[in-house]
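Please read it alongside the sequence and the coordinates.

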Amino acid sequence: VAHMRERRFDLALQWHGGGRNSNPFVRSLGARVTAGFATPDAPPLDRTLPYITSLPERLRLIEGARLVGATTTDDDPRLHVTDADRAELASVLPDAPDPLVVIQPGARDPRRRWSARHFAVVADAFAARGARIAINGTEDEAACVNEVCSRMRHDSINLTGRLSLGALAALCEHARLMISNDTGPLHLARAVGTRNVGIYWAGNLITHGPVRSWRDRVAASWRMACPVCECHCMQHDCEHRVSFVDDVHPRDVEALALELYALERNRSLSRSITPNSSHSLPTAY
């Protein structure tokens with residue numbers, strides 16, 4: 001904190017939740033202006049918005065930026081892939097003519113994980129259509145990735161622990177489609193413009209789901225009762241860490257994915273479209 005105070009910031013923003021713990025820290029930095037969010041039990045900042053749960057997080061952060069005068073007409077996050085990222089990917093995954101479909105079966109919270117057997121069914125459906133299937137995960141997710149690979153009838157590429165964050169961004173850029181749980185790489189894929197199908201639990205769909213329709217699809221589970229003890233998950237935490245999204249049927253995910261996969265012939269145009277673009281939409285839309 002002392003080191004940060006020495007930098008004499010003009011502005012410190014708190015965008016990390018309700019602020020009960022983070023607002024005192026941000027206030028201690030000595031910035032000329034502090035701004036962000038606060039729950040009723042959090043100390044206020046110089047400019048504060050109430051922290052209300054069950055709202056889209058992306059739009060919440062844009063609203064927070066407006067507290068200090070920042071404005072935008074584009075609510076779509078974007079990341080740019082570098083040539084170094086692409087070169088690193090090429091050293092791990094050489095290019096090939098077949099379209100690439102990326103499967104992301106992990107997630108930090110087991111309750112957000114679709115089962116490996118479901119992912120294998122959908123991956124096989126695209127492999128049968130001539131797609132290359134790459135299954136990605138961190139080293140901690142190796143067991144999950146290995147299970148998907150072992151359940152598939154077709155060949156797949158196991159990328160467990162082989163990609164840096166930059167190379168993962170390049171993988172997303174290169175892919176025709178990603179099918180994923182609600183986890184970081186899914187949001188990374190969206191930020192580089194990759195078509196995607198996300199498997200969501202209802203509550204997370206509200207807070208972290210997409211707000212676009214031209215490249216994003218969601219398959220949602222509306223389960224509220226724990227599959228083990230039937231406890232209502234919005235009222236109590238029963239501490240059972242089993243999947244809340246395995247009710248989503250593979251055929252529903254496959255249907256959503258096929259819709260996007262067929263549209264990929266318009267890839268070069270769709271990646272250039274922004275909400276304020278003057279480009280006409282392709283006929284397939």
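R32 and D10 form a salt bridge in this predicted model, with 3.4 Å between the closest N and O atoms. The pair joins distant parts of the chain, 22 residues apart: R32 is in the loop between α2 (22–28) and β2, and D10 is in the loop between α1 (2–6) and β1. R32 is exposed, because its relative accessible area is 62%.

**Other salt bridges**

- The structure holds 19 salt bridges.
- R78 and D74 form a salt bridge in which the closest N and O atoms are 2.4 Å apart.
- R78 is partly exposed at 46% relative accessibility, whereas D74 counts as buried at 19%, because the buried class takes values under 20%.
- D109 and R111 also meet through their side chains in a salt bridge, at 2.8 Å from N to O.
- D109 counts as buried, with 18% relative accessibility, while R111 is partly exposed, with a relative accessible area of 26%.
- A network of salt bridges links R58, D76, R190, R212, R215 and D216.

**Aromatic pairs and a charge over rings**

- The count of aromatic pairs comes to three.
- One of them is F37 with Y51: the ring centres are 6.4 Å apart and the planes stand at 75 degrees, so the pair is edge-to-face.
- F37 belongs to strand β2 (residues 33–38) and Y51 to the loop between β3 (47–50) and α3 (57–66), so this pair ties together parts that are 14 residues apart in sequence.
- F37 is buried, with a relative accessible area of 1%, whereas Y51 is partly exposed, with a relative accessible area of 22%.
- W114 and F119 form an edge-to-face aromatic pair as well, with 5.0 Å from centre to centre and 85 degrees between the planes.
- W114 counts as buried at 1% relative accessibility, and F119 counts as buried at 0%.
- The charged end of R60 sits over the ring of F37, at 5.9 Å from the ring centre.
- R60 also lies over the face of Y51, at 4.2 Å from the ring centre.

**Nonpolar surface patch**

- L11, L13 and W15 make a nonpolar surface patch of about 240 Å².
- L13 is part of strand β1 (residues 11–14).
- The relative accessibility of L13 is 36%, so this residue counts as partly exposed; patch members need over 30%.

**A loop residue**

- E239 is in the loop between β9 (216–221) and α10 (250–263).
- E239 is exposed, because its relative accessible area is 64%.
- E239 and C226 are 13 residues apart along the chain, and their C-alpha atoms are separated by 9.5 Å.

**Overall fold**

- The chain contains eleven helices and nine strands.
- Its radius of gyration is 21 Å, close to the 19 Å that the globule rule gives for 285 residues, so the chain is as compact as a globular protein of that length.
- The C-alpha trace spans about 60 × 50 × 40 Å along its principal axes.
- Of the 285 residues in the chain, 45% are buried.

How values were computed: Residues are numbered from 1 along each chain as its sequence is written. This is a predicted model: local features need pLDDT of at least 70, side-chain atom pairs count only at pLDDT 80 or more; totals for chains, interfaces and linings use all residues. Side-chain values use heavy atoms; hydrogens and water are left out. Patches are made of residues with over 30% relative accessible area and no salt bridge: like charges are joined within 9 Å, nonpolar side chains (Val, Leu, Ile, Met, Phe, Trp, Tyr) within 5 Å. Accessible areas come from the Shrake-Rupley method with a 1.4 Å probe; for residues, only the protein chains shown count as cover. A salt bridge is a side-chain nitrogen of Lys or Arg within 4 Å of a carboxyl oxygen of Asp or Glu. Helices (H or I, at least four residues) and strands (E, at least two) are DSSP runs, numbered from the N terminus. Buried means under 20% relative accessible area, exposed over 50%, partly exposed in between (1.4 Å probe, protein chains only). Rings of Phe, Tyr and Trp (its six-membered ring) pair if their centres lie within 6.5 Å; planes under 30 degrees apart count as stacked, over 60 as edge-to-face and the rest as tilted. A charge sits over a ring if NZ of Lys or CZ of Arg is within 6 Å of the ring centre and within 35 degrees of the ring normal. The radius of gyration is taken over C-alpha atoms; the globule rule is 2.2 Å times the number of residues to the power 0.38.
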